[in-house]
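Me: Please take a close look at one part of this model, the places where its pieces meet. Keep it brisk, and give the cut-offs as you go.

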2 protein chains.
Amino acid sequence: MANKKVVLRSYADGLPKVSDFEFVEACRQAVPEGSTAVVVKNLYLSCDPYLRNLMSKKEEPFDVPEFNIGEVISGFGVSRIVESGHPDFKEGDFVWGITGWEEYSIINKPDGLIKIKNTDLPLSYYTGILGMPGLTAYVGFHEICSPNKGDYVFVSAASGAVGQLVGQFAKLLGCYVVGSCGSDEKVELLRSKFGFDDAFNYKKERDLRAALKRRFPEGIDIYFENVGGALLDAVLLNMRRHGRIAVCGMVSQYNLERHEGVHNLALVNIKRLHMKGFVVFDHYQLYPQFLESTIPSIKEGKIAYVEDVVEGLENAPAALVGLFEGRNVGKQVVVVARD
Amino acid sequence: MANKKVVLRSYADGLPKVSDFEFVEACRQAVPEGSTAVVVKNLYLSCDPYLRNLMSKKEEPFDVPEFNIGEVISGFGVSRIVESGHPDFKEGDFVWGITGWEEYSIINKPDGLIKIKNTDLPLSYYTGILGMPGLTAYVGFHEICSPNKGDYVFVSAASGAVGQLVGQFAKLLGCYVVGSCGSDEKVELLRSKFGFDDAFNYKKERDLRAALKRRFPEGIDIYFENVGGALLDAVLLNMRRHGRIAVCGMVSQYNLERHEGVHNLALVNIKRLHMKGFVVFDHYQLYPQFLESTIPSIKEGKIAYVEDVVEGLENAPAALVGLFEGRNVGKQVVVVARD
């Protein structure tokens, strides 16, 4: 049986391009006799900024190995088990975890897959609010930011998969929350749909420091860092004493040969700031606790969630490229199949 | 009675210069009737890098107010009470705290002064190892760095008042310690006198990243940051996962109109680094505990201490300027009088 897949054609140089990928058709594999592998049918694929980092060879090893030319792209997705050699998974189970950008994948070590128990919410949510980005937002805000009721919170890339949730978690705790994003449409979304106290389009602000100062006359207690570069410099100037900066990512920098310089780090000393990098893979033990607190909030309508859904595996490369052009509104998902 | 003093003549622009100061002669003041002020005779003055920050007007308020033109320079020093209106201090008491760069100072709010109880160690030590820099090293290492036995520790400005102690605290805990400094004489001091495992002269290293890599093939767990700029960038490339960076100061940057850019901050995310700024003024409650653990170590010869002693108030400006040229070897102290 045929199996369409997206493979890496060339390493990315600067912004990723659709032509860095190509489509190939291969044969669908079966579980070898005696193996504990599973074969899954891929339903929803997740476009996440970290994938760009795997598209070129880096000096610093990340948690996930980089892609090689000709290899299938792999990333987070929601899948259905169609064949199982593993006692914990049976045909028909829905799972989320690392899978391939292809119709069917054989997963040799299925222990990393998480079985989806709550199927009364859309399955695509497990690429976002109920999956890796959701846990990232939860851990990053509640564990890394040491938040208190009344804190002044700033979130960059605020309409993205992680940012929209961080802002809502902060609102639920009673914080004052402002988000930045890259279009007026997203500003509107942050204000109306996600309940941010304020939001701005960073592309329209000539003076980012002043833009923040206007919105945080008392300064910022918590900065949830998704972008890096010039915005981080402006934030440092606006941080309050003993403020916390959770470094979740620096998406504005991933396509640069040399990252922008950040000039205001001496303020980390004077203002006694804590800047803490984190990666969600270290915090998977919190996933059950996260689901338990988040699922009721979604069902009760206390947390809103916006997806940007693209149909068809053939559109996956363009969807990933679009992330870096700010084209997506909300979490970028690719539908390969619906069941 | 006459009182010689050092006042600010002009705000510093770039490196501070001796001509930014001038000497004036005024009259020695007395404690006004009914006041709780004290008059002290100044014995030892401390030259600390933070003083440079008070010599020009800054946007960001620091803990200590900036100097005004014509005002006496003030900073840490060791003094003897010669007249007291305060019940806690009597004539003859030795104290350390903020005083003036002058022969005699009137201190209107003496509650900030700390009475010196252990006078069997040199009194000048209370400008350094037993004073503010000593507590800075103690708090910065033990409270901010979360150190463990066996950690790989790097200290910049390592022969300075704070650095020499951080390295020795780390050695006492069983860490592997490397220091950087700005002369071969200081390298020798770090290796022989302070017992660092290794040390290097950053001015002789063309490739700071490689210099660190050679000395930390396994990477750095703890970086005690005193300098900032290019060295910080090189350190980030050499940090291990979950490493800690205590930001005590960034002395290489204080004289620059615009601070150097730091380009490798995305590694804070990938390597899960914690970068924590701190200021010793928040931690004075630890001073008794610090003395209790440090004084026996000094007396038993387990901690070495090197001062760079300059004689005479008239040489104080040059001694402060010398800090930024790396001229001092060890803690820079100015002797105004010996008793």
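Reply: Between domain 1 of chain A and domain 2 of chain A, the count of salt bridges is zero. A salt bridge here is a side-chain nitrogen of Lys or Arg within 4 Å of a carboxyl oxygen of Asp or Glu. The model is predicted: local features need pLDDT of at least 70, side-chain atom pairs count only at pLDDT 80 or more, and totals for chains, interfaces and linings use all residues. Residues are numbered from 1 along each chain as its sequence is written, chains are lettered from A and ligands numbered from 1 in the order in which they are written, and side-chain values use heavy atoms, with hydrogens and water left out.

Now the domains themselves. In chain A, domain 1 covers 2-128 + 305-335, and domain 2 covers 132-281; such bounds come from an automatic or database domain assignment. Their centres, taken over C-alpha atoms, are 28 Å apart. Domain 1 of chain A brings 25 residues to the contact and domain 2 of chain A brings 18 residues, where contact means heavy atoms within 4.5 Å. About 1,700 Å² is buried between these two domains, and carbon and sulfur atoms give 64% of it. Buried area is the accessible area (1.4 Å probe) that two parts lose on being put together, summed over both. Tyr305(A), Val306(A) and Val329(A) supply 26% of what domain 1 of chain A buries against domain 2 of chain A, more than any other three residues. Five residue pairs are in polar contact across this interface, both residues at pLDDT 80 or more. A polar contact is a pair of N or O atoms within 3.5 Å; within protein, one must be able to donate a hydrogen and the other to accept it, and residues adjacent in sequence count only if both atoms are side-chain atoms. On the side of domain 1 of chain A that touches domain 2 of chain A, helix α1 (residues 50-53) of chain A gives the largest share, three residues. Helices are DSSP runs (H or I, at least four residues), strands likewise (E, at least two), numbered from the N terminus.

Next, the chain-chain interface. Here 36 residues of chain A are in contact with 36 residues of chain B. The area buried between the chains is about 3,100 Å², and carbon and sulfur atoms give 53% of it. In chain A, His263(A), Asn269(A) and Arg272(A) lose the most area to chain B, together 20% of what that side buries. The interface of chain A and chain B holds six salt bridges. One of them joins Asp63(A) and Arg241(B), with the closest N and O atoms 3.3 Å apart. Polar contacts link 22 residue pairs across the interface of chain A and chain B, both residues at pLDDT 80 or more. On the side of chain A that touches chain B, β12 (239-247), α7 (266-270) and β13 (274-277) of chain A each give two or more residues. α7(A) gives the most, five residues.

Last, the symmetry. A rotation of 180° with 0.0 Å of shift along its axis superposes chain A on chain B, RMSD 0.0 Å. That is the relation of a two-fold axis. Gly261(A) has the C-alpha nearest the axis in chain A, 1.9 Å from it. The superposition is by least squares on the C-alpha atoms of residues with pLDDT of at least 70 in both copies. Of the interface residues of chain A, 100% are also interface residues in chain B, so the copies meet through the same surface.
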